[in-house]
Amino acid sequence: MHPSRRAFLINGLTMATGAAILPWTFAARAAQYPDKPARLIIPYPPGAATDTLGRMAGQVFADALGQPFVVENRGGGGTTIGTRAVAVSAPDGYTIGMVDSTFTINPGLLGDRQPYDAIKDFAPVSLMATAPFVMVVHPSVKASDVASFVALAKAQPGTLSFGSAGVGSGPHLAGEQLRQQAGVDVLHVPYRGGGTVITDLLGGQVQFAFATVPTLLEHIKGGRLKALAVTSPQRASQLPDVPTFTEAGLRGVDISPLFGLVAPAGVPEPIIQKLSATLAESVRKGALRDKLAGLGFQPVGSTPAEFAQRIRDDVAKWTAVIQRGGIKAE
């Protein structure tokens, strides 16, 4: 037999054998995974909501899988520093990352300046939870619901202002959705943190804002702020009398910040499924569900495919909102 022919057959046999063995190798690796500590990168400093949920997830994995998932806070760059660290890590399941809505907003906001591709460079694991926003106004604003607020804004264009934690933040884009959907002229005031926004809102320096329900609940119940609508598809359990924007006639004001886990692209599918199933079981049925709900989050516990679709949908949605609004990163 010609040497090249023999080499071709040997190589072909090797490839065929390898292809047959590969699924078993992945399955065996998943069965043993994890056999050493893993790390969970959170692209924020300690204390943020994303950090809180990330640490909860890490504890779930540690308890269920028998290895520590060491939290590593890598803030900066509008979350791009920590998120990029996940993208460039070895695709072996021993580095995963926590992401939130900034992950789906940044592609439209940063464009080519983003140091990774949010769709291609990651393997979604699970959407852990969402947290709807509530729109609140200062008591001095003569509006009791969304319709009267829109009427007031149209009667006084450019006079009502809203604060957010910065250009391109979730609260900013919620206000931008309101502006685009209702056709009103309102002024965006970017701050360097959400806490200052609430302080100035309470003081009347800005007239309205969007924030998560837990952040504003005490002020709403105390009468210091008026809640007009929530951005989730269903009413918030903590505010059962406050309608959704859909009920108020503005279906397109629908931001519902996400909190989920991703891994680098290329992690074997059995490992992704193992991580996803572990987290989803705890979020859907375990004590974590009650803990999340008690903090004002809406537990989800999605499959990888469901989370991948949510990421694609949100990237497309926020890119369109950003482009229509002519929003530029600071």
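Tutor: A pocket is an open set of grid points with protein on both sides within 12 Å along at least five of seven lines, and a residue lines a pocket if one of its atoms is within 4 Å of a point. Keep in mind that the model we are looking at is predicted.

Student: Which residues lie nearest the centre of the second largest pocket?

Tutor: Thr231, Ser232, Pro233, Asp254 and Ser256 do, and they belong to a lining of 14 residues. The space in this second largest pocket comes to about 180 Å³. Helix α11 (residues 304-325) gives the largest share of the lining, three residues.

Student: What makes a residue of that lining nonpolar, polar or charged?

Tutor: The residue type decides: Asp, Glu, Lys and Arg count as charged, Pro is among the nonpolar ones, and Gly goes with the polar ones. For the second largest pocket, the lining divides into four nonpolar, five polar and five charged residues.

Student: How do you know how α2 and α10 are oriented to each other?

Tutor: Again from the angle. α2 and helix α10 (residues 287-294) pack at about 175 degrees, with axes 12 Å apart. An angle over 145 counts as roughly antiparallel, so α2 and α10 are roughly antiparallel to each other. Here Leu53, Met56 and Val60 of α2 meet Leu288, Lys291 and Leu292 of α10. The classes are five nonpolar, no polar and one charged.

Student: What makes β7 and β9 edge strands?

Tutor: Look at the order of their open sheet, β7-β6-β8-β5-β9, which has five strands and mixed pairing. β7 (187-190) and β9 (226-230) each have a single partner strand, so one side of each has no neighbour in the sheet. From one strand to the next, the twist averages 30 degrees.

Student: How do you know that β5 and β8 count as paired?

Tutor: Two strands pair if there are at least two bridges between them. Strand β5 (residues 133-137) and strand β8 (residues 208-212) are joined by five bridges and run antiparallel, so they meet that cut-off. One of the bridge pairs is Met135 with Phe210 in β8.

Student: And how do you know that β4 and β11 are paired?

Tutor: Strand β4 (residues 122-130) and β11 share two bridges in the antiparallel sense, and at least two are needed. Thr130 has Gln298 of β11 as its bridge partner. These strands belong to an open sheet of six, in the order β2-β1-β3-β10-β4-β11.

Student: What makes Pro34 and Thr79 worth a look?

Tutor: Most residues other than glycine have a negative phi, and most peptide bonds are trans. The bond from Tyr33 to Pro34, however, is cis, with omega near -10 degrees, and Thr79 has a positive phi, near 80 degrees. Pro34 is in the loop between α1 (3-32) and β1 (38-42), while Thr79 is in the loop between β2 and α3 (80-87).

Definitions and conventions
Residues are numbered from 1 along each chain as its sequence is written. This is a predicted model: local features need pLDDT of at least 70, side-chain atom pairs count only at pLDDT 80 or more; totals for chains, interfaces and linings use all residues. Side-chain values use heavy atoms; hydrogens and water are left out. Helices (H or I, at least four residues) and strands (E, at least two) are DSSP runs, numbered from the N terminus. On a 1 Å grid over the protein atoms alone, a cavity is a set of points where a 1.4 Å probe fits but cannot get out, and a pocket is an open set with protein on both sides within 12 Å along at least five of seven lines; lining residues have an atom within 4 Å of a point. Grid points are joined across faces, edges and corners, and a volume is the space filled by probe spheres set on the points. Axes are lines fitted to C-alpha atoms, for helices over the stretch in contact, and angles run from 0 to 180 degrees between N-to-C directions. Angles under 35 degrees count as roughly parallel, over 145 as roughly antiparallel, 65 to 115 as roughly perpendicular and the rest as oblique. Contact means heavy atoms within 4.5 Å.
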